[in-house]
Amino acid sequence: MFPLWRCGAPSLRRSPTLGSSAFHPRTITRCTRPRIQHLRSISRKVEEGVAPEVKASAWVVVPATVLVLGGVGALAYNYNQPFRHTVLAVVRCSRVAEAAILGAIDYKLTFAKSYNSEEEKAVAYSECHTRSAQRVLKALLANGGIFIKLGQHMASVAVLPREWTGAMRPLQDQCEPTAYEDLDKMLVSDLGMSISEYFEDFDPNPIGVASLAQVHVGRLRQTGERVAIKLQHPHLQEFCEIDMEMVEVSLGWIKHLFPTFEFTWLGEEMRENLPKEMDFVHEKRNAERAIADFQNIRTSMYIPEVKEARKRILVMEYIQGGRVDDLVYLSDNNIDRNKVALELARIFSQMVHINGWFHADPHPGNLLIRPTGPGSKSPYNFEIVLLDHGLYFDLDTSLRINYSKWWLALIAPATPETLEERKKYAKLVGNIDEDLYPVFEAAITGRAALEGSWEDVDGPAGVPRARSIIDLSAQTEEEMEAIRNAVVQKEGLLLSVFDVLRKVPRRVLMVLKLNDLTRSLDRALMTTHSTIRIFLIMAKYCTFAVWLDESQRLVNELRRKGLSTMSLGLLWDYFWVWWYVPRYEKMYRSIELAEWWMDTGARAVTAKAWVRGLFTVGGLQGAHKAAAGLA
């Protein structure tokens, strides 16, 4: 017996002769015959061993396919590393590429427009910088990891427009900490012990989080000593290589599509330096070398002792202090902010001009200050603690001496011979030709270019030109705004900035970063001495470096050739160097005299502030605050 098939209402008609309870037989036959034939066909195929055709609905097939593919994709993403890396590479690369290409197009369109006034043009250019920077910032934050480090590098490049550096600066603080459980697994993997086994006490809340690592405070179980523990984010090791590839690919696309907007140097810098920063054993060696370089120098610099170093784990002496630019902390501990700024200039000038090996990641977060304790070799009542030694650069002798000579040329008055020397050493130091020299000089000094520099390129209008660094007056807001506008408003000058960044060796770019830190800290400390005071310190170190190198070169030449084979020219050079000693000492003493004069003026300014605070702020406490720059 066949099952009853439903029929449509028009197919069943009641028979007029049989009454309301019967159906017309022809109607029943017409309704059931196709169904019966269909069932007989299925029965026959089953008897013959042939599977009947079943038509599946699209409403079932599509969702099922999506679920299956989604499940397979999820399994592959979680358990197949190459597949996961490919997916992440595509997503991360597309974010950066989208932001970069849209920004380049935005620049092209903005620079191609005509404007009714210079003010309208300035606003349009500034808005273009802001839009482009915000696009890139959004992509970097979404990608995280080493892309945060990329943004931090951009924030520290002094010659980029302030819209860019300002947009990237928050990346110094916007880093997500790694969960305690993941850190515990990393310690078990790298040290063979859990956190609770290695440390007697461990604060799970980090005191600092950066793009590559985070720092906790704990106490060693073996000695009970309080230590700072620097732990690398575990996920970086897996994605570091693929992220660096994506950075290079994205920047390569930009260079190919828009050759004038080239940032490939950022990718090259990360490729070279990031593996060093991610190896904490390398950081330990850098710290030990820096300590050795200052071993016989009386300095306020202090570097924490390293207790344990593995590739992803660094345990070091815990230092308690304040930020070097914290005026309240300095005031509470009776630390002279002028001396802090000058000592910072001495430390970094010693590294660059004498040692030829310098800390390449300086920012206020890597500098602490504390009062001196027993056994300190600091000449002052404070110590400057230098942290994070993951990245150092060396300067070979020729680069170091040419850089020192270039600074001496900047300090000398602007005669035709001096102007030629400035451009000569800029070429030797930064691979900079005459057309880009003004931009390079402004980047090095942080000021509007000196007299005679802007020959072929329009400089900031309305800013008086000094004949040398020594002639520079205090930097006014008008000068700072003129420099910013020169970069923002002039397309040719902006492209010149990109050219400078592309041509200058990476080591020199890091020196730019170091110079910028020294100048910015001098301003942040609200020092009462002249703005060129730190340049005088640099001049002393440059003078000593040049003389020391020349004398050492001739002594080595004499030892190699001996007195019997000495030429008249070499003998003349030898006596010239020793004749130069009084001249060198005279130059050195003149710089010291200028320093004394400026320091006397600074003390007078501080005393005047003290008196003002005594009467206007109120009492000795008010006088102390005013002298410390707090009132």
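Q: Buried means under 20% relative accessible area, exposed means over 50%, and partly exposed lies in between (1.4 Å probe, protein chains only). Is Tyr-198 buried or exposed?
A: This is a predicted model, in which local features need pLDDT of at least 70 and side-chain atom pairs count only at pLDDT 80 or more, while totals for chains, interfaces and linings use all residues. Residues are numbered from 1 along each chain as its sequence is written, and side-chain values use heavy atoms, leaving out hydrogens and water. Tyr-198 has a relative accessibility of 16%, so by the cut-off of under 20% Tyr-198 is buried.

Q: Is Arg-285 buried, exposed or partly exposed?
A: Arg-285 is found in helix H11, residues 280–293 (a helix is a DSSP run of H or I, at least four residues, numbered from the N terminus). With a relative accessible area of 46%, Arg-285 is partly exposed.

Q: How many residues apart in sequence are the parts that the pair of Tyr-115 and Tyr-125 ties together?
A: Rings of Phe, Tyr and Trp (its six-membered ring) pair if their centres lie within 6.5 Å; planes under 30 degrees apart count as stacked, over 60 as edge-to-face and the rest as tilted. By this rule there are 13 aromatic pairs, and one of them is Tyr-115 with Tyr-125, edge-to-face at 6.0 Å centre to centre and 85° between the planes. Tyr-115 lies in the loop between helix H3 (81–112) and helix H4 (118–143), and Tyr-125 lies in helix H4, so the parts tied together are apart in sequence by 10 residues.

Q: Why is the pair of Tyr-198 and Phe-199 called edge-to-face?
A: Phe-199 is buried, at a relative accessible area of 2%. Its ring centre is 4.8 Å from that of Tyr-198. The pair is edge-to-face because the ring planes are at 75°.

Methods
Helices (H or I, at least four residues) and strands (E, at least two) are DSSP runs, numbered from the N terminus.
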